[in-house]
Amino acid sequence: MQLLMNLAASLAILTVVGVMAVCCLRTLQPLPARLRPLALTPRAHTPSPVSRREQLGWFVAGLLWLWVMVAGAYLLRHGSLDGLMEYFSYRFIRQGDASNYLYLAEHGYAGAEDKLCYIVFYPLYPLLMRLMSSLTGSSLAFAGVLVSHLCYAASAPLMRALAGQSLPPAQARCATAAMLLYPFSFYCFGLYTESLFMLLTLGCLLCLRRGNWWPAGGLALLAALCRTQGIALCFACAYAFLSAPPEKRGRWTGLLASLGAVAGFGGYLALNWAVSGEPFGFLRYQREVWFHEIRWFGENLASQLGSALTMPDMRLTTFVPEIVLYFLGCLGLSALFLRERRSPEGVYAVAFLGMSYISSWLISGARYMYGCVGLYLLPGLIRQRWLRVALLLVEAALAVFYTWQYVGNAKMW
């Protein structure tokens, strides 16, 4: 069975990369048409405008859903809301990676040998926690929660604007709702980088769609200082520049913008050098402390399947979602390229998926995939309204279920 999973996972990633390569090569503007066999003209779209009122509505909806999702799951699990805030502090601030970000915000990257392993956590989020704490006079924990909640809410109007670049208004709203209802978005309730990274990524991709190259490069730089997958934005920036019409490309500003993510990652490597004495020190600590190594996708998915069969307490909450999301991502993103032809969001999403699933002992893949923006455009491609609504209802039910599992202390990271 694991051999079959290895083969299926390998075929899936090769398929999506192959489809992406063909579609991208057929839409590159600098290449003469004779060098682009069966050259495609990208589909023409009129961006659907977003009013200030709708933007505010999405922001408020994001905040409300985040609290309703967590508080509702807690109420279903415990029968009342008594002790919610105490449990919130315990589960969303003092456990998992959240506690590590809180430590970094308080102490920085300590020189003591037993804390050098924290260099695997990127610096932007704890830095913003400290900055927000200084601005509001609040505790670092509260400042981090505030950053996470505001970024999650602000991501909604950005997603609506980005989806509106290629989808009609009703379908763009469906894509935005799909992002908010992602079954593992409850991590944005606590001290995790997911919502900050999503905000920066959406801002970068929206700037690329509008041809605002310098802001896109700056946001890509910040994203690369937030998460490893931020480097995936350099591929989206380069493709958006090379596939843009000449009148929107400028001179070399777009190509230089693609170096923003590279510069951000370079800054992180410099931090590694300053803290641990080696620019790629984070790889050593990922391997020694978190058991993460670079390994082929098929091997990783086969290992996930083996873990699902032998670890029943994590089967439904960790391994099955990760396997399903991998194949959904590969197949769905292939469909996105075939439908949209030119999709910087798709290029980013494929690179993001690859960087997420190439790591061994992956137990946070479902959380990581929240940042795979291209997946949320898929429900928006569906023209039948009833089917879009049905998919969103299923997604909302899954969000409540997994949040209910999390507040019940299920083994989820």
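The legends below describe several close-up views of a predicted model.

In this predicted model, local features need pLDDT of at least 70 and side-chain atom pairs count only at pLDDT 80 or more, whereas totals for chains, interfaces and linings use all residues. Residues are numbered from 1 along each chain as its sequence is written, and side-chain values use heavy atoms, with hydrogens and water left out.

**View 1. Ser10 in helix α1.** Ser10 is found in helix α1, which covers residues 2-25; helices here are DSSP runs of H or I with at least four residues, strands are runs of E with at least two, and both are numbered from the N terminus. With a relative accessible area of 12%, Ser10 is buried, a word that stands for under 20% relative accessible area, while exposed stands for over 50% and partly exposed for values in between, using a 1.4 Å probe and protein chains only. The side chain of Ser10 reaches the backbone oxygen of Asn6 at 2.8 Å, and this counts as a polar contact if it is a pair of N or O atoms within 3.5 Å in which, within protein, one atom must be able to donate a hydrogen and the other to accept it, residues adjacent in sequence counting only if both atoms are side-chain atoms. When neighbours within four places in sequence are left aside, Ser10 is in contact with Trp296 and Gly298, where contact means heavy atoms within 4.5 Å.

**View 2. Helix α2 and the helices it packs against.** Helix α2 runs over residues 52-78, and its 27 residues reach 39 Å from the first C-alpha to the last, close to the 39 Å expected at 1.5 Å a residue; the expected span is 1.5 Å times one less than the number of residues. The buried residues of α2 include Trp58, Trp65, Leu66, Met69 and Tyr74. The helices against which the buried residues of α2 pack are α3 (84-93), α6 (140-163), α7 (169-180) and α20 (385-407). Just after α2, Gly79 takes a positive phi of about 85°.

View 3. Trp214, Trp252, Leu255, Leu256, Leu259 and Val262 form a nonpolar patch that has about 640 Å² of accessible area together. Two or more residues of the nonpolar patch come from each of α12 (253-257) and α13 (259-276). Patches are made of residues with over 30% relative accessible area and no salt bridge, like charges being joined within 9 Å and nonpolar side chains (Val, Leu, Ile, Met, Phe, Trp, Tyr) within 5 Å, and the areas come from the Shrake-Rupley method with a 1.4 Å probe, for residues with only the protein chains shown counting as cover. Leu256 is found in helix α12 and counts as partly exposed at 44% relative accessibility. Ser258 has its place in the loop between α12 and α13, and at 7% relative accessibility Ser258 counts as buried. Apart from neighbours within four places in sequence, Ser258 is in contact with Cys234, Cys237 and Ala238.

View 4. The structure holds nine salt bridges, each being a side-chain nitrogen of Lys or Arg within 4 Å of a carboxyl oxygen of Asp or Glu. In one of them, the side chains of Arg227 and Glu194 meet at 3.0 Å, N to O; Arg227 lies in the loop between α9 (213-224) and α10 (233-243) and Glu194 in helix α8 (residues 194-210), 33 residues apart. The side chains of Glu194 and Arg367 also meet in a salt bridge, at 3.3 Å from N to O, and this pair links helix α8 with helix α18 (residues 365-368) across 173 residues. Glu194 counts as buried at 2% relative accessibility, and Arg367 counts as buried at 4%. A further salt bridge brings together the side chains of Lys411 and Asp313 (2.9 Å, N to O); Lys411 lies in the segment after α20 and Asp313 in helix α16 (residues 312-340), so the pair ties together parts that are 98 residues apart in sequence. Lys411 is partly exposed, with a relative accessible area of 41%, and Asp313 is partly exposed with a relative accessible area of 41%. Salt bridges that share partners join Asp97, Glu194, Arg227 and Arg367 into one network.

**View 5. Ile358 between α17 and α18.** Ile358 has its place in the loop between α17 (344-357) and α18, and with a relative accessible area of 27% Ile358 is partly exposed. Not counting residues up to four places away in sequence, Ile358 touches Glu293, Ile294, Arg295, Phe297 and Asn300. The C-alpha atoms of Ile358 and Gln304 are separated by 12 Å, and these two residues are 54 residues apart along the chain.
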